[in-house]
Amino acid sequence: MSAHTPVCELLGIEHPIVCAPLAADPRLPAAVSNAGALGTTELWWMDDAGAVVRETAALTDRPFGGNFALNSDQRRRVDQALSAGLRIVSLFEGDPQGYVEVVHDAGGLVMHTVSSAEEARRAVGCGVDVIVAQGWEAGGHVPGRVATLPLVPAVVDAVAPIPVIAAGGIGDARGVVAVLALGAQAAWLGTRFLLANEMPIHEEYRRLLVDAAETDAEWYANLYEVGWPDSQSVALAKRSQPVQPLRPLWSHCRSQRSQTCGD
Ligand SMILES: Cc1cc2nc3c(=O)[nH]c(=O)nc-3n(C[C@H](O)[C@H](O)[C@H](O)COP(=O)(O)O)c2cc1C
């Protein structure tokens, strides 16, 4: 099994690994891209998406991606990012129709995150270049209810020959090899990269992640107040410290702040 897959050629990377968009901070995506994988940055909630693209490009001359949540109109931010030179656009939580053409016109390519084979077929029908199949083990916002193991082959079969990248519950090289065996062409990791030195998280958060057992992640129907209702999420939960009562206190910016300040 070759670890250098066709999607590596398409994305301009050496290793079949993508670091998920975890923050709007250039350090981690730049470090990942410099190491030969693909770094991505969140671009969907700040005033000037172009500024984050320029900051990231100043730290790496390799490809990196920018991510947009389509639960609100992102056209202004996508334009800002493309004008700043972004060429790999990652979309999630919404309909990619209306974004693909502008990215292709700029010479870029579109990755779209899905949680079912049907959603993947629709995205490919819109012209999406790469599908990210996100199993419901994934950390963060998780709209689907299908696990990575059955989801990935179903999506691979549904959209072949469009490349599929697998996300959700992949934590080490064994997981990467497993999803390549399922037909994915790369692995998309989020939680594992929170532990990277370049990710600005609070030491207490880091400690909780390192100490977590496989039973400590929980699915919430509506955990955060981040600007869209019923946003389903998977988050770390210690039984002694239920997170549900914190929900009214958390906007997206506050939850980013809680990552960095432990506040
Ligand atoms: C802290 C955190 C923030 C995330 N933010 C985003 C985001 O803004 N956009 C997105 O498409 N996915 C986001 N995700 C989900 C990841 O893209 C990915 O699907 C998930 O982390 C994969 O599962 P894993 O955490 O088990 O590796 C986030 C995940 C985490 C853990």
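Me: What percentage of the 263 residues of the chain count as buried?
Reply: The model is a predicted one. Its secondary structure comes to ten helices and eleven strands. Among contacts between residues at least 6 apart in sequence, 52% join residues at least 24 apart. Of the 263 residues, the share that counts as buried is 41%.

Me: Which residues come nearest to the ligand?
Reply: The shell around the ligand divides by class into nine nonpolar, nine polar and three charged residues. There are 21 residues around the ligand, and those that come nearest are Ala20, Ala138, Gly139, Gly140 and Gly190.

Me: At what angle do helix H6 and helix H7 pack?
Reply: Two packed helices are described by the angle between their axes and by the distance between those axes. For H6 (residues 117-125) and H7 (residues 148-159), the axes are 9 Å apart. The crossing is right-handed. The angle between H6 and H7 is about 35°.

Me: How many residues of the contact of H6 with H7 are nonpolar, polar and charged?
Reply: On the H6 side the contact is made by Ala117, Ala120, Arg121 and Val124, and on the H7 side by Ala154, Val155, Ala158 and Val159. By class, these residues divide into seven nonpolar, no polar and one charged.

Me: Is Arg121 buried or partly exposed?
Reply: Arg121 lies in helix H6. Leaving out residues up to four places away in sequence, Arg121 touches Ala158 and Val159. The C-alpha atoms of Arg121 and Val159 are separated by 6.0 Å, although the two are 38 residues apart along the chain. A buried residue needs 20 or more other C-beta atoms within 10 Å; because Arg121 has 15 such neighbours, it counts as partly exposed.

Me: Over what arc around the axis of H3 do its buried residues lie?
Reply: Helix H3 covers residues 49-57, and its buried residues are Ala49, Gly50, Val52, Val53 and Thr56. They lie on the same side of H3, because around the axis they cover an arc of only 160°.

Me: Which helices and strands do the buried residues of H3 pack against?
Reply: An α-helix has 3.6 residues a turn, so residues three or four places apart point the same way. In H3, the buried residues include Ala49, Val52, Val53 and Thr56. The elements these buried residues pack against are helix H2 (27-34), strand S2 (39-42), strand S3 (64-69) and helix H4 (75-83).

Me: Why does Met111 count as buried?
Reply: Met111 lies in strand S5 (residues 109-114). Apart from neighbours within four places in sequence, Met111 is in contact with Gly65, Ile88, Ser90, Asp129, Val130 and Val132. The threshold for a buried residue is 20 or more other C-beta atoms within 10 Å. Met111 is buried because the number of other C-beta atoms within 10 Å is 27.

Me: What is the phi of Glu93?
Reply: Glu93 is placed in the loop between strand S4 (88-92) and helix H5 (100-105). Glu93 counts as partly exposed because it has 16 C-beta neighbours inside 10 Å. Although Glu93 is not a glycine, its phi is positive, at about 55°.

Me: What is omega for the peptide bond from Ala160 to Pro161?
Reply: Pro161 is found in the loop between H7 and strand S8 (164-167). The peptide bond from Ala160 to Pro161 is cis, with omega near 10°.

Technical notes
Residues numbered from 1 in each chain as written. Predicted model: local features only at pLDDT ≥ 70, side-chain atom pairs only at ≥ 80, totals over all residues. Near = placed C-beta within 6 Å. Nonpolar A, V, L, I, M, F, W, Y, C, P; charged D, E, K, R; others polar. Axes fitted to C-alpha atoms, helices over the stretch in contact; angles between N-to-C directions. Helix = DSSP H or I, 4+ residues; strand = E, 2+ residues; numbered from the N terminus. Left-handed = near helix turned anticlockwise from the far one by under 90°. Contact = placed C-beta atoms within 7 Å. Buried ≥ 20, exposed ≤ 12 C-beta atoms within 10 Å, placed from the backbone. Arc of directions from axis to C-beta.
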